[in-house]
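Reader: I would like to go through a protein chain with you, one question at a time. Please show it to me.

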Amino acid sequence: MATEDLPKYPIGVAARMVGVSSATLRAWERRYGVPRPTRTPSRYRLYSDADVEWLRWVRRLVDQGVPPRQAAWLAARSRESGLRPGTTLGVREHLLEALLAFDRSTVDRLLHHASTLLEPAAVFRQILLPAVAEIGLQWEAGRVTVAQEHFASQVALRYALPLLDSRGPSRSPVVCACAPGERHQLGLLAVAVELNSRGLPVVYLGSDTPADSVLKTARTLRARGVLVAAVVTDLAATWGAFRRHVADLQRSGTGWVWGGPMADSARKARLPGYRAKTVAEAVEYLARLPVLPSVS
């Protein structure tokens, strides 16, 4: 047994260490099962250092306005994950190490821990995506391999895609696609996940999507908006011939966004639409678009 798990503190001492009453500790144990201290032969409770640390975290959550039942549930799930109590502080750094080591079991454990504290979309936005972006920067600097970068990207895709609603096309969705030949889709996916978390319907087409397929999908679904992402692909070369079709859709009410580092290349081909360099810019523009009426 680890030293921190050794039972040593009677309930009165543990209560003072946590900053609550003994009655509160008994109530938390009885109502929520957190924690389950060791019992002596005389049935006295003894708390370990680990018990006290988790109880302090539960108390902090309660002090912040989290209902005791939810705080206890979060503590139980987090403790079961094998991680120490607290916020997601440090999770991103540990996740980065696990991704670089191809350690899928640790990656899954860390993401599970984070999901007990944050909504899944927030886990993707605040923890997983920044870790993968850091690996991309390290690859560009020659400090990590292509295999490591690809592994991290695939983990991100597998985590994020199930976050998108799978209930089928909804009325007047936002269509998200990468430009033809463009395979860097994490930024596009970040926009789609964020829009979906705000309750907007999203149709996600992914990487390397032909222009005519995007146009046909937008027309068929009466899309309120279209996002075409380009990280390394020249939009003038891939979409320049479709300028008139984009303009026609805009006149019918569909908002159009060119997103990513290459968004300005749309200007060379005089492609109409809003140019967004960041995920936040694309999300805010698309989130304001109105629903298009159905065509009878």
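**Helices and buried residues**

Author: The crossing of α1 and α3 is right-handed, meaning that the near helix is turned clockwise from the far one by less than a right angle. Helices here are DSSP runs (H or I, at least four residues), numbered from the N terminus. The model is predicted, so local features need pLDDT of at least 70 and side-chain atom pairs pLDDT 80 or more, while totals for chains, interfaces and linings use all residues. Residues are numbered from 1 along each chain as its sequence is written, and side-chain values use heavy atoms, without hydrogens or water.

Reader: Which residues of α1 and α3 make the contact?

Author: Contact means heavy atoms within 4.5 Å. From α3 come Val52, Leu55, Arg56 and Arg59. From α1 come Ala14, Met17 and Val18.

Reader: Is valine 91 buried or exposed?

Author: Valine 91 lies in helix α5, residues 91–100. Buried means under 20% relative accessible area, exposed over 50% and partly exposed in between, with a 1.4 Å probe and protein chains only. Valine 91 has a relative accessible area of 5%, so the residue is buried.

Reader: Which residues does valine 91 touch, not counting residues up to four places away in sequence?

Author: Arginine 275 is 184 residues apart from valine 91 along the chain, and their C-alpha atoms are separated by 33 Å. The residues that valine 91 touches are Leu110, His113, Ala114 and Ile127.

Reader: Which residues is serine 153 in contact with, leaving aside its neighbours within four places in sequence?

Author: Serine 153 is found in helix α8, residues 146–160. Its relative accessibility is 13%, so serine 153 counts as buried. The residues in contact with serine 153 are Val132 and Leu186.

Key:
Helix = DSSP H or I, 4+ residues; strand = E, 2+ residues; numbered from the N terminus.
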